[in-house]
Amino acid sequence: MGIQAESAWWLLLLPLWAAAIWWMIRHTPRLTGIRKAGVIGTRAIIILLLIAVAAGLTPYRLQEQRNVVFVIDRSASMQGEEAQSEWLAEAWSGKLVEDVAGIVSTGSHAIVDRPLSEGYLSNETAYTFRSELSRSHTNLAHGLQLASAMLRESGGGRIVLLSDGEENAGDALRQARLLRDGGIPIDVVPLSLELARDASIEELHVPSVLKQGETYSFEIVLRSTAAGAAELRLYEDDQELAVTEVMLEKGDNRFSLRNVALEPGFHRFRAEVFLDGDGQPQNNAAHAFSRVSGPPKVLIVEGVQGSSANIEEALSASLIGYDTIQPEQLSVELASYAAYDSIVLHNVPATRIAELPMEWLARATGDYGVGLVMLGGEDSYGLGGYFQTPVERALPVYMDLQGRKQMPSLGLVLVIDRSGSMDDGKLELAKEAAMRTVELLRDVDTVGVVAFDSVPWWVVEPTPLSNREEVLQLIQSIQAEGGTEIYSALDEGYRGLLDMEAERKHMILLTDGQSSTSMNYGKITSAMTDNKMTLSTVAVGDGADTVLLKRLANDGKGRYYFTRDQSTLPAIFSRETVMMSRTYIVEGAFTPGISDAGVWGPLWNGGVPKVQAYVATTAKEMAEVALWSPEDDPLLARWTYGAGRSVAWTSDAEGKWAPGWVQWEQFPKVVTEWVKWTFPQFDSSPYRLYTTIDGGEGKLVVEETGGDSVSGNGLAAMIHGEDGDSSVRRLLPVAPGQYEAKLDAIEPGVYLTQIGTVTGEEPSIDGGMTAGYVVPYSPEYRIGGEDGSALLERLAQITGGRVLDIGAPEQSFQFQPIELRVPYPLFRELLMAALLLWLLDIALRRLSLPWGRLAALLRRSRHASGQAVPQERAIGRLRQRSQERSQFYGSSRSTPVQPDSDQRQTGSELSSSIRSKSEPSRMQDIQPGRHASNGSEPRPAAPSGGGGHPQGDDSAQVSSQSGTINRLLAAKNKNKL
């Protein structure tokens, strides 16, 4: 047993405590006797208790116990988790009752699987791990650090580490030195759990720069734990190049396959190996990339199949390769767009381009310098629904007619299904579509929004867009719930249109389900047609009533849309909003006005053909307009967007709107020049990129190759994640000509990045070069490597630990126990005692109680009844005191009390009798000339003759008696206090 103090310096207050007690004893005149002793003693104890609490005085007892934390390596290389569980359970069974143990699991990070406790495992044959963690790396340092923190809180102990020692993240040796300084040894259990069959691709080499037509080789290094036949596959841009059967030997195997660079552009390569019985597929693929230079290549995306013959012939005449696809075939991978020098959108509606490809079209232009050309038609620009899309951002024109005054007023009602089936993201996109439509309308236009489930209700009553923000907030408040009833919602929207004052009235109905009732919709569509209203419908998903919606759109003189990709809803609504006003299509033959066209100037030397129609747009502020319409609308515009360039031709390329242009002999050359102007302005990168991975964290390393670098103002890299988000990171210099940036996403594969100079306070890219880098699979999945047992032995040696035998798990708790102090915290009890004593102190000082009598009673209670003072002795003492008092005041003025042997009085009766007899005499002595208070005659004066007391003596006697009585009264009053 013992006492410990957490803050011992508070004990320096004890001398002051003693001084305070001495001061209270000397300077407390108001209290006397036992009452004074009680107050001072109570206060002394209270102060002493508070000092003990402040100093953290705690009694303790010494206890011997063993504290063990098992650190279990659960990384991917540890395939035998069942063996670890069984070993752990057997080791735990050797624990004594007072021993304490815990479990920490470690992989890419560490986590407490079981806190330190004295309990036993629920399953004595195998332990079941409770936690899930990333197993892509082996970070022993994190596990050791977490285990040491647990032991330090418990007073120390030992760590038992189960691992193969193949560390590939962190620094376990550094952590071991810290544990040595903390007095915590590490016992290690080397585990060797190699896979019976496993094949991996360790290396894939492809030249990073190739010429078109150049023959090159794939250099592949395979590693295998067993001999046997395997299949090797090669892919280029996800297209299979070759499938080869190879014979693998145990260890490293090298293969070389030849290929020819046919297509120019950026290409991604992937090699895969397949071995029967392979126990670890994560290491079966490797990636590489290469940029093939040569004749440029263009991607043509056409809205109407077979309508791009004019463009294809023009490109072929200039020896420019091309691929023609439908908009639904656009890739969802950004790297696929980097394989082309330019992309042409030929009369393609935005409603047929999914959200991700729409974003990649703009990214390919702005980030990687791929050109973008839009050719007009009835499904392009604003008519195609490109308002506020990424493609609009990349083009040199706005889709809305900013500043246009002579346009018919528009009335629009949006009828939106908000049933429960719309709650999977469709309603959010429908609200986004409605909000984009509101932004596209003018302030003089009128809009209303009806949401319906089983019943319709007006989210936005038909109102002019004078308060656009309030309308947007109301649309955003729509929530999904309920069933689907279309007829009443359609009828409600029709009645709203009737009350609108607009030159053109239109309704858009959107739903993903079928109406719960079957009504005569012809009444509504006929009434709408009679009132010059139009109706368009949008069916979302296969669950919609497509037959009904088609009929409604046909009867309502509108358009019917069906989409499975709900991300196209905003484009559909934008298209419908523009289609309400045919003013966007400007008709009438005119000769375009020629403006400053730069390098295109020689194309117009002989003049330009007439144009019959075009889609009205608004030129952006920084755009160059080469050809104008009489309405001051851009007919041909271009500009630079980020690292790339884009061109907008607002008439068509089929001959319907511009037949003179299609028949013009210069047309192939003109189209080719438009496309060539958008080609990337660089051919090779002056940088070499590669990645490093440490503990789940990746770094992008950029090295200057000595070419035309742009690092004068500092470098930055635009890095794209798998979710499509991009971020600009400063490249920090770490060595001459070498820079680094942290990578957030390190999934294996080929990635594109743009390297350029830093501009502004916030990092951004100015100009720049497009490059690629490869992220390999984690080193955790590599076959072989360094011998981990050497690292484990080194950890035990540094910390003074042991190398335990895997066949003897009971050795885990076989070591000298540590002696721990087990405290008994008394802070609460001490504070409660101080509070109670404080209340007692208040009672002693403030309550007027007969403390003396109480003390006497307490003393009497200690004696037995037979030891009480005899009553006769008490009465005798009282008689003696009465006689002494009578003699003191004079025999002539007092009557002695005669004892009565036959009849005795109690102490209280006797005391009362004495007071009744003595008080008048005392008053007469004090005031001889006054009458007694009871009305008796005044006492006669003593004679001056013989036998009596002289007058002077009598006066002196009275004076002496008066002084004595005054002193007695003062003492009595003091005792009362």
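At what angle do helix α1 and helix α2 pack? Before we look, note that this is a predicted model, where local features need pLDDT of at least 70 and side-chain atom pairs count only at pLDDT 80 or more, while totals for chains, interfaces and linings use all residues. Residues are numbered from 1 along each chain as its sequence is written, and side-chain values use heavy atoms, leaving out hydrogens and water.

Now to the helices (DSSP runs of H or I, at least four residues, numbered from the N terminus, as are strands, runs of E of at least two). Helix α1 (residues 14-26) packs against helix α2 (residues 33-55) at about 165°, and their axes are 10 Å apart. Axes are lines fitted to C-alpha atoms, for helices over the stretch in contact, and angles run from 0 to 180 degrees between N-to-C directions. The angle therefore makes α1 roughly antiparallel to α2, a label for angles over 145 degrees.

Let's move on to the sheet. It is open and has six strands in the order β23-β22-β21-β24-β25-β26, with mixed pairing; two strands pair if DSSP finds at least two bridges between them. At the edges are β23 (456-464) and β26 (560-563), each pairing on one side only. From one strand to the next, the twist averages 10°.

Strands β21 (residues 410-417) and β22 (residues 446-452) run parallel, joined by seven bridges. Leu412, for example, has Val447 in β22 as its bridge partner.

Finally, helix α14 (residues 546-555) packs on the sheet and touches β24, β25 and β26, where contact means heavy atoms within 4.5 Å. The direction of α14 makes about 160° with that of β25.

Terms used: Angles under 35 degrees count as roughly parallel, over 145 as roughly antiparallel, 65 to 115 as roughly perpendicular and the rest as oblique.
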